[in-house]
Amino acid sequence: MLRAGAAKVLFAKVWDDQLLNVFNEIIKDIPEGSPIICESPALRYFIEPGLFIIMTSETVNKQKNINNLQRLHHVMLKYEDIKENNFLPIAFKDGKWFYK
């Protein structure tokens, strides 16, 4: 993420029953209106993100059971399309995420 341009990267490995508590502690140190990219499917059950993206792939086989997550409001993107076009159709402006 740092190579992709992130100013700061945090990693927290916790049990699901402590996830929300740890996230609430981390969020205290992040200025309001800052873009946050969170790679935790489990955290999605506790918070409503500005934009929830589910990535799929025909070639990368890291399939997990995401049936419950697909019931939540989301945008689904395909890895191969992003790689081929070298374009991620999202933007962050005025403290909010947008799907283009």
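Helices (H or I, at least four residues) and strands (E, at least two) are DSSP runs, numbered from the N terminus. This is a predicted model, where local features need pLDDT of at least 70, side-chain atom pairs count only at pLDDT 80 or more, and totals for chains, interfaces and linings use all residues. Residues are numbered from 1 along each chain as its sequence is written, and side-chain values use heavy atoms, with hydrogens and water left out.

**Stop one.** Select Glu80. It sits in helix H3, residues 79-85. Glu80 is buried (under 20% relative accessible area; exposed is over 50%, partly exposed in between, with a 1.4 Å probe and protein chains only). Glu80 has no salt bridge, meaning a side-chain nitrogen of Lys or Arg within 4 Å of a carboxyl oxygen of Asp or Glu. The nearest side chain of opposite charge is Lys78, 5.1 Å away. Lys and Arg count as positive, Asp and Glu as negative; His and the chain ends are not counted.

**Stop two.** Move to Asn86, in the loop between H3 and strand S3 (90-93). Its phi is positive, about 50°, although Asn86 is not a glycine. Most residues other than glycine have a negative phi. Asn86 counts as exposed because its relative accessibility is 72%.

**Stop three.** Select Asp94, in the loop between S3 and strand S4 (96-99). Phi of Asp94 is also positive, near 50°. Asp94 counts as exposed, at 71% relative accessibility.
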